[in-house]
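Here are my notes on the model. Please read them with the structure open.

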Amino acid sequence: MRVRKFLFSFSTQTSFYLTVRPRCAHLRRQGFSCNTPIFSTRRTLSSLARTFGSGPEAKKMPGKFIIDCDAGVDDAMALLMAIDAHKRQEIEILAITAVNGNTQVDKVLINIFRTLDAGGCPDIPVHRGSESALIMTPKDAEGYHGSDGFNDVQFGTTPDVTRVQEEGAVLAICRHVRENPGEVTLVALGPLTNVALAFKLCPDITSQIKEMFIMGGNCEGVGNVSMSAEFNFYVDPEAAFVVLNKNNCPTYIATWELCYKYCKVDMDWRLNCLGKIDTPQAKMMNALEKVWYDNYSFHPDHFIMCDQLAMAAALDVRVMTKTKRHWATIELSGLHTKGLMVMEQRHAICNGPKFNSNVTIIERVDEMALKNLLLRAFSQTNETD
Ligand SMILES: [Ca+2]
């Protein structure tokens with residue numbers, strides 16, 4: 001790498017300005033296109049950390065989180081990871097917003113509150129969001145998490161849902177971002193309906209969000225709910241289209257291929273290491289996932305995680321060991337391809353002077369770092385409340 005310009009200013013806000021020589025093979029592998037400068041903003045420090053790997057400088061600074069989810073079994077585990085970081089004061093969860101997806105939004109709320117209670121953080125604000133997709137909610141996408149989103153496991157108790165905030169999810173997202181410009185990390189773990197509505201209602205926030213981490217879509221055309229579409233983008237493709245075409249902040253995506261193909265934590269570790277922890281949150285997750293282990297044989301030796309991967313990347317940038325920038329959008333009308341994430345891959349365009357990426361695809365994760373975050377989340381005690 002040859003650095004043409006390198007300017008430091010050590011005042012209260014360290015600025016960082018750097019221009020990278022085109023055709024730098026190292027940066028190209030990391031996802032920077034030719035002629036793409038690295039920005040001279042505070043955001044630059046985290047993007048440089050992502051580019052140049054591990055080390056003390058790569059550790060993510062404490063941040064303010066909004067988590068939009070359709071809980072969902074894997075959402076619950078991702079929430080527990082965030083709750084653990086919240087209790088350690090590594091992050092501050094400003095709000096959790098519920099969206100229709102794995103189940104109806106009112107059941108999503110119940111699952112969120114059950115997870116907060118198990119994690120020992122019952123007072124984190126929760127907001128009710130959209131109860132349907134922007135245009136049409138597909139009816140053939142439900143059921144993998146049972147009718148209630150938590151595999152219909154009977155717990156014998158019902159969480160107090162009167163805690164739900166009066167303010168709706170979309171307004172809460174807009175308000176928090178505007179009150180904390182440049183500081184909010186938005187982690188989206190369900191269909192992107194709430195986020196798209198927030199972008200439409202308050203377009204100024206698209207450039208005020210610090211960064212987004214999304215679980216959704218696919219990078220190799222492999223689907224799960226249909227032959228070519230991943231669940232979250234399939235349920236509300238128009239919302240995914242709006243978000244990817246309106247976003248104006250670093251946007252990281254954990255695709256379905258990362259989940260089932262490129263992240264391979266073995267089931268033995270899930271059952272006999274993570275599964276042996278005896279805490280309320282571990283017991284809850286074990287009960288939820290046991291339904292799958294007893295009834296499905298899909299990749300029996302492979303513990304497939306989805307929302308956990310996006311959350312892990314948001315909590316610790318060192319989780320992402322390989323990323324690549326792309327310009328991506330969503331197929332909205334294909335008979336067999338509706339909801340497919342389509343990425344520009346034409347060589348002449350991707351390497352042209354006007355190429356501008358809108359997403360960063362997480363291609364590989366550090367499985368040890370991921371395991372450590374899960375162990376922390378399952379082992380947390382409630383004594384630090
Ligand atoms: Ca989810």
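Which residues in H3 meet which residues in H11? Point 2 has the answer.

1. This is a predicted model: local features need pLDDT of at least 70, side-chain atom pairs count only at pLDDT 80 or more, and totals for chains, interfaces and linings use all residues. Residues are numbered from 1 along each chain as its sequence is written.

2. In H3, Val73, Ala76, Met77 and Leu80 meet Gln281, Met285, Leu288 and Glu289 in H11 (contact: C-beta atoms, placed from the backbone, within 7 Å). By class, this contact has six nonpolar, one polar and one charged residues (Ala, Val, Leu, Ile, Met, Phe, Trp, Tyr, Cys and Pro count as nonpolar, Asp, Glu, Lys and Arg as charged, the others, Gly among them, as polar).

3. The axes of H3 (residues 73-87) and H11 (residues 280-295) come within 10 Å and cross at roughly 165° (axes are lines fitted to C-alpha atoms over the stretch in contact; angles run from 0 to 180 degrees between N-to-C directions). The two helices are therefore roughly antiparallel (angles over 145 degrees).

4. Helix H12 (residues 307-315) is largely enclosed by the rest of the structure, because nine of its nine residues are buried (20 or more other C-beta atoms within 10 Å of a residue's own, C-beta atoms being placed from the backbone). Met311 is one of them.

5. Helix H8 (residues 237-246) has seven of its 10 residues buried. Among them are Phe241 and Leu244. The cover includes helices H6 and H7 and strands S12 and S14 (helices, H or I, at least four residues, and strands, E, at least two, are DSSP runs numbered from the N terminus).

6. Across the protein chain, buried residues make up 44% of the 385 residues.

Methods. Buried ≥ 20, exposed ≤ 12 C-beta atoms within 10 Å, placed from the backbone. Contact = placed C-beta atoms within 7 Å. Parallel < 35°, antiparallel > 145°, perpendicular 65-115°, else oblique.
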